[in-house]
Structures are given as C-alpha cells and as structure tokens.
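Hi there,

Here is the structure I promised to pass on, with my notes below it. Have a look at it first, and then read on for what turned up.

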Amino acid sequence: MTVPVRGFSLLRGRLGRAPALGRSTAPSVRAPREPGSAFRGFRSSGVRHEAIIISGTEMAKHIQKEIQRGVESWVSLGNRRPHLSIILVGDNPASHTYVRNKIRAASAVDHVDERTICNGIAPEKDVDGFHIINIGRLCLDQHSLIPATASAVWEIIKRTGIQTFGKNVVVAGRSKNVGMPIAMLLHTDGEHERPGGDATVTIAHRYTPKEQLKIHTQLADIIIVAAGIPKLITSDMVKEGAAVIDVGINYVHDPVTGKTKLVGDVDFEAVKKKAGFITPVPGGVGPMTVAMLLKNTLLAAKKIIY
C-alpha cells in the first residue's frame, strides 16, 4: 500500500517515534481485572504455558487497512491525497531500520541537519511527534501528534487487552522520544483530554544498576524496555504472567551463523516461558511504529489535532 501523506518525519537519537484513528475494539484499559480471574498466558487449570507472542506485523496489517480506508474516504470527499516526507538525520542503525520500513509504506527521503529540522518543522506537520509543542502537549495530557513508537506500544497494549489501570509498569529507557512519552501515556489520568492508562510507572535506564532494575521489574505487571542493551531483561527479572514489550533494536553477531542479526533488549527465548505476553524482535513494536506513523500522517493531513 502506498500512502503518500502531508507531514514531515525526523529520525534522530536512538529509538523514537503516535495515536490511533477511531476507537480500539479491545477491552478498555481502564477496567481492572476481576479478582480471581486468570491472566492471559495461564489456563484456568493453573497449568503454566508460554507467553502469548504479540505479532506486531499482523496487528500493523490491520491498522494499515484502517488507514487505507481512511485515506480513500478523505480523498473521496475531494481532499488532496496526503503525502509523507521522511528526513533522515545521522547514521544510527535503529533509525536506518525504521526509515527502510517507512519507505516501503510511504515515500521520499532527504538528508538535512538535525537541529535545523527540529527548529523548522511546523508542529501540525511533525508526524513523528518530536516538536517541543507536541511533546509539551503530550505532557499536559492534551491532544497532540504523539511519537510513533510510544503510540505503537500504547496501541499494542490496548488492542491486546492488557490492563493498565492500577498496574505497576517499568519503562527501561528514558529517551525523550520513546521512554518518556511511553511513561506519560501509561501513568496519566484516563479521564483527561488525552486519556492515559492510570498505571504506576517507574522509569529506569541503561545506567540503573542491574540489581535495582531487577527489584522494580519483579514487581511489574508490564515491562517496556527501550534501552538499547541486548538481553537487559532476563527471566529472573520477570514475574509470572507479566506483559513484556520489547522496543530494543540491536545488531549482534550470531556465533552459530557467523552473521549479524537483529535482537531486542529482552532474552526472548527465556522470558517467553515466564511472561503472559511478549513482543518479538523483529516483528513486534517495529512494524507497529510504522503503522502508527502513517496514522499520525493521516491525522496531520486531516488537521484533526490542530
């Protein structure tokens, strides 16, 4: 699907990147789980099974179909077909992976100085949600163009039916484009202009001592990791049935094949035996980030936020 959309996308830093059009069909994230009800990942008999692997690839396909219908509906009303311009700044591998995926879904690439772009993109066209006004509105629980990776995590949680109301969440990663917006979405009031998840959120990062991080993650109902450290989260750090969402993008040497492979920040094979939900890398948050960017772009074209 080709969705050229009016908007500008800036790649910077390490991992960064927004809201869904329409309402999710998943259960409300505000509804607390009934006492005694079984958390997904367990059967009612109490026999432990491996985590449900959340396919971001499949979820993104559904969202892109929703976007396609939205675009065609917008154009059918006589409006100009939206266009997306992608601006790649720097040489970060995570950004290159992200931009390659965006190119498959949208259109063109330019190379411009990062600071010039940060200062020059109009907030209403800032589909990555990096502009100071968009970040500020996000922090004030107002409607804004939300960074697409944060929105991808939020959308995965909502569409999967993972409860956040009153839950403990650990976000390992403090990027202003990823970790911080994810934390803002999850901890803020669900009754505000831009509803949040009403969770209790702890933010950690790559310099949080491992033993301190472990204390927090063992208490967490949801762990979101975006620190850029392979196998930062191991099975002994995860409590039974927790949801684990891996935003990490790391390229490591595979001693078996001798080739470079893409991995996240979670020891996937070990953690999936203990978690209730888990996202893989690749095929988890990545494709959802691209989908949410395109949703942001359609929002920008329709001037729904501003």
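A quick word on one term before the notes: a residue is called buried when its relative accessible area is under 20%. Please also keep in mind that this is a predicted model.

Let me start with Val285, which sits in helix α9 (residues 285-302). Its relative accessible area is 4%, so Val285 counts as buried. Setting aside neighbours within four places in sequence, Val285 is in contact with Thr149, Ala152, Val153, Ile156, Ile245, Asp246, Val247, Thr279 and Pro280. Thr57 lies 228 residues away from Val285 in sequence, yet their C-alpha atoms are 8.3 Å apart in space.

Now for the sheet. Six strands form an open sheet in the order β2-β11-β8-β7-β5-β6, and the pairing is parallel. At the edges are β2 (52-53) and β6 (200-204), each of which pairs on one side only. Helix α7 (residues 210-217) packs on this sheet, where it touches β5 (168-172), β6 and β7 (222-225). The direction of α7 makes about 150° with that of β5.

Strands β5 and β6 run parallel and are joined by five bridges, with Ala172 standing opposite Ala204 in β6. Four of the five residues of β5 are buried, so this strand is largely enclosed by the rest of the structure. Elsewhere in the sheet, β8 (residues 243-246) pairs with β11 (residues 277-278) in the parallel sense, over two bridges. There, Phe277 in β11 is the bridge partner of Ala243.

Which residues does Asp141 touch, once its neighbours within four places in sequence are left aside? They are Thr188, Asp189, His192, Glu193 and Arg194. Asp141 itself is found in the loop between α4 (132-139) and α5 (148-160). With a relative accessible area of 7%, Asp141 is buried too.

Finally, the cavities. The largest cavity has a volume of about 40 Å³. Its lining is made up of Glu124, Leu145, Leu299, Ala300, Lys303, Ile304, Ile305 and Tyr306. Sorted by class, that lining has six nonpolar residues, two charged ones and no polar ones.

Best wishes

Note on methods: Residues numbered from 1 in each chain as written. Predicted model: local features only at pLDDT ≥ 70, side-chain atom pairs only at ≥ 80, totals over all residues. Heavy atoms only, no water. Pairing = 2+ DSSP bridges. Contact = heavy atoms within 4.5 Å. Axes fitted to C-alpha atoms, helices over the stretch in contact; angles between N-to-C directions. 1 Å grid on protein atoms, 1.4 Å probe; cavity = no way out; pocket = protein on both sides within 12 Å on 5 of 7 lines; lining within 4 Å. Points joined across faces, edges and corners; volume = space filled by probe spheres on them. Nonpolar A, V, L, I, M, F, W, Y, C, P; charged D, E, K, R; others polar. Buried < 20%, exposed > 50% of the residue type's maximum accessible area, 1.4 Å probe, protein only.
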